[in-house]
Amino acid sequence: MDYNQLAVNLLDAKSLISSLGAIGLIAIIFAETGLLVGFFFPGDSLLIIAGVASSSAASSVLGDGARLPLATLLIGAPIAAIAGAQLGHQIGVKVGPKMFDKPESKIFKREYVLKAEEYFNRFGPGKAVVLARFMPIVRTFLNPVAGTLEMPAKTFFLWNVVGGVLWTESMLLIGYFFGDALAPVIDKYLIPAVLLIVLLSISPMIVEVLRERKKRKAGGAQSAETGEAVQAGGGRHRRD
């Protein structure tokens with residue numbers, strides 16, 4: 001037996017799918033979104049390759065005779081993503097303050113809570129939870145942070161469902177419908193493609209940030225002009 005073939009590269013989506021199959025993939029999606037130590041799993045590329053592996057191009061990815069069941073993925077992946085995020089939220093509710101208040105911790109830092117709080121305030125809880133799904137690492141840590149910030153469970157669940165379904169189904173279907181085109185170049189171009197998808201998904205957030213900065217600059221310039229006008233007016237009044 002070649003034990004090297006049994007080794008699973010936890011950072012290689014193709015290796016994970018080949019070794020673990022559909023059920024293993026679903027378990028990893030749950031771990032990435034629910035278990036805080038799962039932030040290193042390649043969730044986006046995992047889902048896209050799984051979509052390719054459920055298409056007519058499956059043999060190019062997994063080998064002859066191997067094909068993942070699309071229906072299982074389309075049902076199981078969003079359920080796992082939603083359930084995992086709910087677990088993360090509950091962890092934040094129960095032990096969040098203690099977990100993020102440890103100054104010696106290199107993973108669960110207080111600054112995550114502060115950044116997430118600013119993120120929530122800027123974009124609103126709904127948009128924050130949905131957009132976080134498309135951002136690696138952020139989608140893992142945002143859930144317990146939301147619980148730590150006491151985001152209402154019903155509100156979180158609603159947007160968790162929306163984000164979980166949009167993320168998993170879009171990634172799977174991209175892989176499925178473009179499987180024939182992706183399969184020949186999947187090793188070389190998958191990571192740039194995933195980065196492009198992530199960039200497109202967070203583009204609304206980037207636009208919002210730029211718009212907010214523009215408003216602040218405009219407000220600062222207007223305040224400066226108002227101050228100069230007041231000073232000028234005061235000078236004319238003194239001359240009168």
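A cavity, in this briefing, is a set of grid points where a 1.4 Å probe fits but cannot get out, and its lining residues have an atom within 4 Å of a point. Keep that in mind as you look at this structure, which is a predicted model. We'll go through its cavity, a pair of helices and an aromatic pair.

**The cavity**
- Rolling a probe the size of a water molecule over the atoms shows where empty space is left.
- Here there is one cavity of 30 Å³ or more, and the largest cavity holds about 30 Å³ of space.
- Val129, Ala132, Arg133, Arg139, Leu142 and Asn143 line the largest cavity.
- Two or more of these lining residues come from each of helix H6 (125-132) and helix H7 (138-148).
- H7 gives the largest share of the lining, with three residues.
- Sorted by class, the lining has three nonpolar, one polar and two charged residues.

**How H6 and H7 meet**
- Two packed helices are described by the angle between their axes and the distance between the axes.
- For H6 and H7, the axes come within 8 Å and cross at roughly 145°.
- On the H6 side, Ala128, Val129 and Ala132 make the contact, while H7 brings in Val138, Arg139 and Leu142.
- Five of the residues in this contact are nonpolar, none is polar and one is charged.

**The aromatic pair**
- Searching the whole structure turns up one aromatic pair.
- Tyr176 and Phe177 form this pair edge-to-face, 5.2 Å centre to centre with 80° between the planes.

Key:
Residues are numbered from 1 along each chain as its sequence is written. This is a predicted model: local features need pLDDT of at least 70, side-chain atom pairs count only at pLDDT 80 or more; totals for chains, interfaces and linings use all residues. Side-chain values use heavy atoms; hydrogens and water are left out. On a 1 Å grid over the protein atoms alone, a cavity is a set of points where a 1.4 Å probe fits but cannot get out, and a pocket is an open set with protein on both sides within 12 Å along at least five of seven lines; lining residues have an atom within 4 Å of a point. Grid points are joined across faces, edges and corners, and a volume is the space filled by probe spheres set on the points. Helices (H or I, at least four residues) and strands (E, at least two) are DSSP runs, numbered from the N terminus. Ala, Val, Leu, Ile, Met, Phe, Trp, Tyr, Cys and Pro count as nonpolar, Asp, Glu, Lys and Arg as charged, and the others, Gly among them, as polar. Axes are lines fitted to C-alpha atoms, for helices over the stretch in contact, and angles run from 0 to 180 degrees between N-to-C directions. Contact means heavy atoms within 4.5 Å. Rings of Phe, Tyr and Trp (its six-membered ring) pair if their centres lie within 6.5 Å; planes under 30 degrees apart count as stacked, over 60 as edge-to-face and the rest as tilted.
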